[in-house]
Amino acid sequence: MPSVLLYGATGLIGSRLAIDIKTAHPQWPLTVFLRNNNADDYFKSAGADKLVHGSSTDADLVRSLSKEHDIVINAATSFDGDFVNLVISGMEERPEHSKGTLIHVSGTGNFIDHGTSGNFNPESKVWNDDNEEDIKLVNRNMFNGPTDTPILEAGERGKIITYVVCIGMTYGPNTGPSSSLGIAYTILTYNAKQHGFVPYVGDGTAVASMIHVADAVPFITKIVGVAGTEEPTGSAYSRYYILHGERVAWKDLTTVLAKTLYAKGVVSSPEPKSVPFEQAGQGEVGKLFGANMLVKGDRAARLGFKAIQPSILIALQEDLGNHTF
Ligand SMILES: NC(=O)c1ccc[n+]([C@@H]2O[C@H](COP(=O)([O-])OP(=O)(O)OC[C@H]3O[C@@H](n4cnc5c(N)ncnc54)[C@H](OP(=O)(O)O)[C@@H]3O)[C@@H](O)[C@H]2O)c1
């Protein structure tokens, strides 16, 4: 019975994943790693077998827990390379005959075309998980490169087995013990708050790839099942899965976002506003508005992935409805 360790258990994704894993594999001992001290009851009723309190900066704890478990899931951060390197270093201490498996949740922000016009570009590259040459191009300069790159390298070194589940901008309600909106909603709403309105760039026809959390989580659980029952095949680049639902134009997304945030008193206008690329936002969020994010998950689809949840354009109002800004 493989033991499973989940980092990021209180997050938008992690909180559903903990329940989903225990439902699919009730006999597999699950440890959840928590920074939040007010979430124990949620995980006890979810059936988690062990709760460990700590922070990702507790190096000795992270290293030893990562070494002790057969399957380690990182749903905490796809930006913090130091944390991921700690996890890998612990896992690589295991003997050759009982290699650990690391399952990492990454993001399709890696694959934006770095356009700055905010307009759709039909010439942009479509990144496909079924093409190992595409995945070999993942590098440290990409949004999630600081974690994806050492993980792919570790998978190729072969002392651990790696799977990466790379998901689109994730929406859907938080059903867990924290009030986190998840990374995507957090950066979009924070950026709107900073501006006092909801920005987009150019004509807003540039597209982002989206996924509902309820579509993503069962696939991550499926990979946990594969990791616990099957011998790995192929290279680390062939164990990289891209999950996405629809592609949404920024103008459409920001129109719904502006309406919702205005109704909640967060911004001063119910309409989004086109701004020059340089004024769209600090750091990654600004880059997203200007660019196209085109991905395809043929490999994930072969393993049964299919997005079936409603569009973010329908879900957003309810997702943010009960949140206190
Ligand atoms: N949401 C998206 O749009 C999206 C898209 C693609 C990829 N991803 C990736 O998927 C993963 C999960 O995303 P999410 O949206 O579920 O994020 P989230 O709701 O912000 O959850 C992050 C989780 O990580 C924990 N965490 C963060 N820093 C920590 C630290 N220093 N020590 C211990 N725990 C820490 C948080 O604990 P606390 O509750 O204590 O804060 C929380 O449980 C991330 O790697 C993210 O980059 C997300």
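Two strands are taken to pair if DSSP finds at least two bridges between them. I begin with that definition since the first part of this talk concerns strands. The structure before you is a predicted model.

Let me start with strand E7, which spans residues 161-167. How many of the residues of E7 are buried? Seven of its seven residues are, and the strand is accordingly described as mostly covered. The burial concerns both faces of E7. On one side stand Ile161, Tyr163, Val165 and Ile167, and on the other Thr162, Val164 and Cys166, all of them buried.

Which strands pair with E7? Strand E5, residues 101-107, runs parallel to E7, and seven bridges join the two. Within that pairing, Val105 is found opposite Val165 of E7. Strand E11, residues 240-243, is likewise parallel to E7, here with four bridges.

I now turn to Arg239, a residue in the loop between helix H8, residues 213-229, and strand E11. Is Arg239 buried or exposed? Arg239 is buried, and yet no salt bridge is assigned to this residue. The nearest side chain of opposite charge belongs to Glu156, at 5.8 Å. A salt bridge requires a side-chain nitrogen of Lys or Arg within 4 Å of a carboxyl oxygen of Asp or Glu.

What, then, lies around the side chain of Arg239? A polar atom of that side chain is 2.9 Å from the backbone oxygen of Thr162. The backbone oxygen of Gly234 is 3.0 Å from a polar atom of the Arg239 side chain. If neighbours within four places in sequence are set aside, the contacts of Arg239 are Gly155, Ile161, Thr162, Tyr163, Val164, Pro232, Thr233 and Gly234.

The next topic is an open sheet. Three strands form this sheet, in the order E8-E10-E12, and the pairing is mixed. Its edges are strand E8, residues 169-171, and strand E12, residues 247-249, each of which pairs on one side only. From one strand to the next, the twist averages 45°. The pairing of E8 with strand E10, residues 207-212, is parallel and comprises three bridges. There, Thr170 has Ile211 of E10 as its bridge partner.

Strand E8 also takes part in a packing arrangement with helix H10. In H10, residues 283-290, the buried residues are Val285, Gly286, Leu288, Phe289 and Gly290. They pack against E8, helix H7 (182-195), strand E9 (199-201) and helix H9 (250-263).

I come finally to charge pairs. Side chains of opposite charge can pair when their charged atoms come close. How many salt bridges does the model contain? The count comes to 12, and I shall present three of them.

One joins Asp49 to Lys22, with 2.7 Å from N to O. Asp49 sits in the loop between helix H2 (40-45) and strand E3 (50-53), while Lys22 belongs to helix H1 (residues 12-24), so this bridge ties together parts that are 27 residues apart in sequence. Asp49 is partly exposed, with a relative accessible area of 48%, whereas Lys22, at 10%, is buried.

Another is formed by Arg299 and Asp130, whose closest N and O atoms are 3.8 Å apart. Arg299 is in helix H11 (residues 298-302) and Asp130 in the loop between strand E6 (127-128) and helix H5 (132-136), so the parts tied together are 169 residues apart in sequence. Arg299 counts as buried, at 13% relative accessibility, and Asp130 as partly exposed, at 31%. This pair also belongs to a network of salt bridges that links Asp130, Arg299 and Arg302.

The remaining example is the bridge between Arg140 and Glu153, at 3.5 Å from N to O. Arg140 lies in the loop between H5 and helix H6 (145-157) and Glu153 in H6, so the two tie together parts that are 13 residues apart in sequence. Arg140, with a relative accessible area of 46%, is partly exposed. Glu153 is partly exposed too, with a relative accessible area of 37%.

To close, I return to Arg239: this residue is buried and has no salt bridge, while the backbone oxygens of Thr162 and Gly234 lie 2.9 Å and 3.0 Å from polar atoms of its side chain. Thank you for your attention.

How values were computed
Residues are numbered from 1 along each chain as its sequence is written. This is a predicted model: local features need pLDDT of at least 70, side-chain atom pairs count only at pLDDT 80 or more; totals for chains, interfaces and linings use all residues. Side-chain values use heavy atoms; hydrogens and water are left out. Buried means under 20% relative accessible area, exposed over 50%, partly exposed in between (1.4 Å probe, protein chains only). Lys and Arg count as positive and Asp and Glu as negative; His and the chain ends are not counted. A polar contact is a pair of N or O atoms within 3.5 Å; within protein, one must be able to donate a hydrogen and the other to accept it, and residues adjacent in sequence count only if both atoms are side-chain atoms. Contact means heavy atoms within 4.5 Å. Axes are lines fitted to C-alpha atoms, for helices over the stretch in contact, and angles run from 0 to 180 degrees between N-to-C directions.
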